[in-house]
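Welcome! Take a look at the sequence and the model, then read on.

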Amino acid sequence: MRLHIRSHALSFLLLHSVEKVAGIDWVQCLTDIKLNADATQNLVGLLNSNGDPVSNVADATAISYSLCTSFCGKGGDFQVSVSAQDFSSWFLPYLALISQLPFGAQYRLDNLMSAILTVGSPVLAGYSLFITLLNSRWINRRFSHSVDYPNSRSAVSIISSLQQSPLRLHSDRACFASLIVLPENDSWWQYFFELVDYTHTWSIASATSIAWVVVAYILSVADSPSDVFVTATAGAEATSSVWLWLIPIVMGWLQLSPKCDFNRLKAAYDRADRHARAGMADRLIATPSASTQRALRITAQEEDVISPDELLTPPVFNYSRSLEWACTAEDIFLMYKAASEKARSRIPVNAESEWIESDDFKSIHPHNRHGSPQEIAAYCAQPGRARRSHWAPGVFTRMIIASCASLALQWGTVGGAFIVAWFTPTVGLGCRSLSYLLYGVVSTIIWMMLLISSILAHYSAAYSYRASLSERVALACSHSLRRMGKLLAIANSLWVILMCILQYSGFYSTCFCNSNMIHRGDTVAYITIIETTTQAALAKVVWIGALFLACTSASVFVVLVNLLLDTLST
């Protein structure tokens, strides 16, 4: 019932948006100027809709910038009542949808920063989502094609789920090898997997928030451009398109269900660790007691990581962890692959014992998985001493794919808003179109800065043992880019909110903004007040095209996420 009443309210606001947004009565101003021109026979400043001078007062449908400032006033008054109504109708649903993003940081300030980064840089938000999905797909495919070991299914699910944590292995790989090989630790993997197998997925609140945004967007574009002063009606559709990227981002995270609750992950890890030690204490084994806290770490101190963003569990920070996570995941995969290949060749851990066949041909007899610490470490070691690259296989390909997908999402939605504002008479770069363009460009710059920061941080971590000049410079640049990127994200998120407020309040309804002074200059700037049939038809075509561009880019992103989800382990 509430949604039904609100839909009628939104429709009512839409029907009256033109009259309320226009701070200056442009048609009346043109009429007054024509009457004055008739009386004085002075046609200077009277133009047609293309900006050309007219010889007949009756043909005037546009005015020059100087004539506008002389007769129409400055305009741009901040209309609080109009702003509040349109703000709650078109803009508030998108702000409410931000609450459905996954958070889960240890501190509230970090949750706030994750929301700011998402709003300040939709490219970064889309990139973190898509790189997380591609990383999960990559490690699952690696394990499914090459690994067949008793606890490997639980392991790959856990590794994929821990992309929101600073995943690290102990420097002594024998510790982690015991987690893989010893049959007593199968219970640790299974128990930890069950504890982290919780979902942050669809709920009535999230579905309602998304539905509210979709309905608001449909209503914002339901009114086609009018024949008179079409500029006012461009506001709702353009500003809605600017925020349309938020729907696929929220839907993507709901479907991916990231494990990002810091307290819950830490509690699950501690419980699994106690479970593993208890399980091993029940048996007398001639092998060392592997400490899972030392073998596999999911928490760290700030001095243990290159970038502090790696410690923040909200998934928008996955951009900072993806390279290091991929490197750790590759190490784990190679250890599992070595153990799996030896098991397929019927080679036991203890070189002096014979391979014992299991009653179940799919499992490995526990006797084959026992040995000394040195034998366990050798069992998971790769043949040869070749030094592996610090960059995981295919990592740059995944980064390029994620970058293209996120850029297409942002510029399909923000670009749609820019196109609407550009081609709305008077055609050209004005206050509205420049606002949308500035938001998109700064968002892209933020993403580039933070992405380069993560690459430099990973590079410096790879050679931290040498600490040469190039690594120190890379680390310093990484910190600087990260800090500047966050500052820009704060400014850009505030800017997009202010931009919508200015749009809805009629602040842009001035001679300066409507004449596209930024684009044309004060000598040739003019304001189209009455559009021709051709201009109105062009505006309608452009609006439809921009609507198609924004909706298609958002829909394609959602479809791609769904297509890639089926490759993840269950």
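This is a predicted model: local features need pLDDT of at least 70, side-chain atom pairs count only at pLDDT 80 or more; totals for chains, interfaces and linings use all residues.

H18 covers residues 395-423, and its 29 residues reach 40 Å from the first C-alpha to the last, close to the 42 Å expected at 1.5 Å a residue.

Next comes a pair of helices. H7 (residues 122-146) and H16 (residues 318-344) pack with their axes 10 Å apart, at an angle of about 5 degrees. Angles under 35 degrees count as roughly parallel, and H7 and H16 are therefore roughly parallel to each other. Their contact is made up of 13 nonpolar, seven polar and four charged residues.

Now for the strands. An open sheet is formed by three of them, in the order S1-S2-S5, with antiparallel pairing. S1 and S5 are the edge strands, each pairing on one side only. S1 is joined to S2 by two bridges, and Leu46 has Ile63 in S2 as its bridge partner.

| Strand | Residues |
|---|---|
| S1 | 46-47 |
| S2 | 62-64 |
| S5 | 526-528 |

Is Trp26 buried or exposed? Its relative accessible area is 2%, under the 20% cut-off, so Trp26 is buried. Trp26 and Ser509 lie 483 residues apart in sequence, yet their C-alpha atoms are 9.6 Å apart in space.

Notes: Residues are numbered from 1 along each chain as its sequence is written. Side-chain values use heavy atoms; hydrogens and water are left out. Axes are lines fitted to C-alpha atoms, for helices over the stretch in contact, and angles run from 0 to 180 degrees between N-to-C directions. Helices (H or I, at least four residues) and strands (E, at least two) are DSSP runs, numbered from the N terminus. Angles under 35 degrees count as roughly parallel, over 145 as roughly antiparallel, 65 to 115 as roughly perpendicular and the rest as oblique. Ala, Val, Leu, Ile, Met, Phe, Trp, Tyr, Cys and Pro count as nonpolar, Asp, Glu, Lys and Arg as charged, and the others, Gly among them, as polar. Two strands pair if DSSP finds at least two bridges between them. The expected span of a helix is 1.5 Å times one less than its number of residues. Buried means under 20% relative accessible area, exposed over 50%, partly exposed in between (1.4 Å probe, protein chains only).
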